[in-house]
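Please examine the sequence and the structure shown here, with attention to the pockets and to the sheet.

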Amino acid sequence: MCTLSFLAGTDGFSLAMNRDEQRTRPLALPPTLHQCGQLSAWYPSEPGGGTWIGINSRGLALALLNSYGHPQRPGCVSRGHLIPRLLRLPDLSVVDQDLTASDLDRINPFRLLAWDPMVRQAREFSWNGQNLFRAGFAWQTAHWFSSAFDEPGVITARTAAAAEAVKATDVGTLGWARRLHASHAPERGPYSICMHRPDAKTVSYTEITWHGGHVQIDYLGNSPCHAPGE
């Protein structure tokens with residue numbers, strides 16, 4: 001469950017991601033530097049390994065969304081192990097080759113978003129449990145949403161909040177993205193981008209920037225609204 005934003009820049013890009021989880025789930029580990037093959041990579045980690053977002057020293061950035069519109073099977077390998085494995089690769093074309101050759105049968109459905117600043121290309125890989133689909137998309141500011149709770153309703157509400165946010169004069173900046181990811185529009189609850197339910201909430205906010213060949217990653221291990229008592 002998450003909200004993901006991509007901010008296109010003239011000399012790079014930024015990613016902002018809210019992660020929504022059950023309140024009983026163990027806390028994730030903040031981002032650290034990892035060695036992925038011959039490349040360095042930065043990403044936060046699940047206690048058992050794996051991640052939902054990361055970037056390597058070539059600027060290849062990946063973000064993972066669970067795909068709840070397809071059947072979920074018990075006993076599958078964690079989807080979170082995909083990103084550390086793929087961050088050892090140098091570019092988007094090799095990621096495509098790797099996923100095409102991979103046996104994904106033991107992984108539940110997912111959407112993997114990938115950006116390669118060296119060629120300014122972006123691609124989505126969608127696995128529905130049976131087939132892998134790929135589609136390119138424009139190098140421009142965009143948002144993606146997923147939820148195990150009324151996903152159509154969540155997507156509708158959060159799309160509306162993002163559409164309202166583009167009216168701001170600082171649209172596309174990190175300050176704008178931070179406000180959007182802390183937003184409770186239309187009201188604080190299961191449909192807001194900063195999500196709050198009795199059993200689940202937005203548990204973290206991750207921000208990755210690639211600019212002029214340099215990586216910066218910031219992480220908040222809490223709801224981005226800093227809600228009292230959360």
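## Second largest pocket

Strand S2 gives the most to the lining of the second largest pocket, with three residues, where strands are DSSP runs of E with at least two residues, numbered from the N terminus. A pocket is, on a 1 Å grid over the protein atoms alone, an open set of points where a 1.4 Å probe fits, with protein on both sides within 12 Å along at least five of seven lines, and lining residues have an atom within 4 Å of a point. The lining divides into five nonpolar, three polar and six charged residues.

This is a predicted model, in which local features need pLDDT of at least 70 and side-chain atom pairs count only at pLDDT 80 or more, while totals for chains, interfaces and linings use all residues. Residues are numbered from 1 along each chain as its sequence is written, and side-chain values use heavy atoms, with hydrogens and water left out.

## Largest pocket

The largest pocket is lined by 20 residues, and those nearest its centre are Arg 19, Glu 21, Arg 25, Glu 46 and Asn 66. The elements that give two or more residues to this lining are strand S2 (12-22) and strand S6 (61-66), and S2 gives the most, with five residues.

## The sheet

Seven strands form an open sheet with antiparallel pairing in the order S3-S4-S5-S6-S7-S8-S9, two strands being paired if DSSP finds at least two bridges between them. Strand S3 (29-36) and strand S9 (132-137) are the edge strands, each pairing on one side only. Within the sheet, strand S4 (residues 39-45) and strand S5 (residues 53-56) pair over two bridges, and the bridge partner of Trp 42 in S5 is Ile 55.

Methods
Helices (H or I, at least four residues) and strands (E, at least two) are DSSP runs, numbered from the N terminus. Ala, Val, Leu, Ile, Met, Phe, Trp, Tyr, Cys and Pro count as nonpolar, Asp, Glu, Lys and Arg as charged, and the others, Gly among them, as polar.
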